[in-house]
Amino acid sequence: MREINIIDHQQHIIHEDLSLPIGHGWRGLDNLYYYQGFWCPDIRLEATIEYLRNFHAKDTDLIIATLPRSGTLWLKSMAYSLINRARYNISSKHHPLRTDNRCISIVPFLEFYESHIGSSTHEKYSISDLANFSSPRLLSTHVPYLALPESIKNITNCKIVYSCRNPKDNFISLWHFFNKMAPKTRDPVPLDEEALDLFCNGVSAFGPFWDHVLGYWKESLENPQKVLFLKYEDVKKNPRFRLKRIAEFLGYPLSLEEESEGKGEVGDWKNYLTLPMAERIDRPMEEKLQGSGLVFQDYLED
């Protein structure tokens with residue numbers, strides 16, 4: 001346990017002497033604090049605490065929920081395009097996705113303090129700023145279902161679209177991401193037993209993996225009108241069908257004319273993991289997901 005003082009961006013004390021278990025990310029690139037049943041990156045802890053304590057959902061809110069590196073950007077882009085297609089032609093050079101291609105400001109993360117796009121002063125938003133967003137608010141989060149603010153879970157018409165992917169592909173995508181984001185002065189993060197053990201023991205950003213997927217999976221079975229559960233592999237296999245399903249779920253169904261119109265890779269882990277490494281990931285996943293009915297494809301069938 002490590003005691004820390006959490007100070008928000010306005011220099012208000014959020015919590016004094018907050019004691020949280022601490023874990024280390026790959027090669028010490030991140031500290032992770034175990035908060036509310038998941039591992040929160042230290043750089044996101046301040047904003048996450050504010051979000052979980054102070055966010056109040058509306059009955060028109062639409063929430064995109066994912067683990068990191070699980071199709072977050074494509075799902076945010078798809079959802080934004082669907083609900084705003086009457087306002088913006090997707091081919092227009094003025095479409096907001098062309099100026100905010102990471103969806104930072106148009107689909108903000110609830111647990112991030114991000115700079116507003118186009119702001120020369122790098123102004124940041126807080127949870128209170130979201131009250132000024134017009135409805136429907138399209139928001140995103142990496143936080144597990146069980147840790148979400150009660151208002152998100154209890155307001156019937158607040159909907160959640162959840163995306164996850166094969167755990168081995170998720171692990172490799174995280175590894176690529178850490179190497180891309182690591183300072184140039186650091187050696188590349190190795191794909192070794194240390195990284196594998198951390199992931200397989202559940203120590204990863206907003207993990208454990210199995211708790212994250214099971215929380216949303218179980219809620220989608222019990223309350224399918226509130227949570228739409230998607231697997232990245234299924235979307236890649238039949239994108240038109242999944243697009244139609246997402247549009248219907250969000251309340252913006254496609255017209256017959258739209259239906260007729262018609263970058264992660266599935267199975268990329270095979271290019272990086274040895275068979276023993278893959279089996280090392282499979283073992284805890286099979287144990288934790290046993291009996292849930294949730295299974296993941298290792299590759300796309302023809």
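This is a predicted model: local features need pLDDT of at least 70, side-chain atom pairs count only at pLDDT 80 or more; totals for chains, interfaces and linings use all residues.
Leaving out residues up to four places away in sequence, H142 touches T66, L67, P68, T72, F109, E111, F112, F206 and H212.

Let's zoom out for a second. The chain has 302 residues, and 51% of them count as buried. In terms of secondary structure, we've got 11 helices and 9 strands. The chain exposes about 15,600 Å², with 49% of that coming from carbon and sulfur atoms.

Now the inside. The largest nonpolar core has 48 residues, and the ones with the most contacts within it are Y51, F55, I152, I160, V213 and Y216. Which helix gives the largest share of this core? That's α7, residues 209-222, with 6 residues. There's also another core lying apart from it, with 23 residues, among them M78, V235, F249 and L254. If you click on I160, you'll find that, beyond four places in sequence, its contacts include I152, Y216 and F249.

On to the rings. The count here is 11 aromatic pairs. Take Y162 and F229: their centres are 5.2 Å apart with 35 degrees between the planes, and the pair is tilted. Why care about that one? Y162 is in strand β8 (residues 159-164) and F229 is in strand β9, so this pair ties together parts that are 67 residues apart in sequence. Both Y162 and F229 are buried.

Here's another pair, F199 and F209. The ring centres are 6.1 Å apart and the planes sit at 55 degrees, so this one is tilted too. F199 belongs to helix α6 (residues 193-200) and F209 to helix α7, so the parts being tied together are 10 residues apart in sequence. F199 is buried at 2% relative accessible area, and F209 is buried at 1%. Ring pairs also link Y145, Y162, Y216, W217 and F229 into a cluster.

Last topic, charges. Side chains of opposite charge can pair when their charged atoms come close. How many salt bridges do we get here? The count is 3.

One of them joins R137 and D61, at 2.7 Å from N to O. R137 is in the loop between α3 (96-99) and β7, while D61 is in the loop between α1 (42-54) and β6 (62-66), 76 residues apart. R137 is buried at 3% relative accessibility, and D61 is buried at 0%.

Then there's E150 with K153, at 3.1 Å. These two both lie in helix α4, 3 residues apart, about one turn of the helix. E150 is partly exposed at 47%, but K153 is buried at 16%.

K168 and D282 also meet in a salt bridge, at 2.7 Å. K168 is buried at 2%, whereas D282 is partly exposed at 21%.

And finally K231, in strand β9 (residues 227-231). K231 is buried but has no salt bridge, and the nearest side chain of opposite charge, D234, is 4.2 Å away.

Note on methods
Residues are numbered from 1 along each chain as its sequence is written. Side-chain values use heavy atoms; hydrogens and water are left out. Helices (H or I, at least four residues) and strands (E, at least two) are DSSP runs, numbered from the N terminus. Buried means under 20% relative accessible area, exposed over 50%, partly exposed in between (1.4 Å probe, protein chains only). Accessible areas come from the Shrake-Rupley method with a 1.4 Å probe; for residues, only the protein chains shown count as cover. Lys and Arg count as positive and Asp and Glu as negative; His and the chain ends are not counted. A salt bridge is a side-chain nitrogen of Lys or Arg within 4 Å of a carboxyl oxygen of Asp or Glu. A nonpolar core is a set of buried Ala, Val, Leu, Ile, Met, Phe, Trp, Tyr and Cys residues joined through side-chain atoms within 4.5 Å. Contact means heavy atoms within 4.5 Å. Rings of Phe, Tyr and Trp (its six-membered ring) pair if their centres lie within 6.5 Å; planes under 30 degrees apart count as stacked, over 60 as edge-to-face and the rest as tilted.
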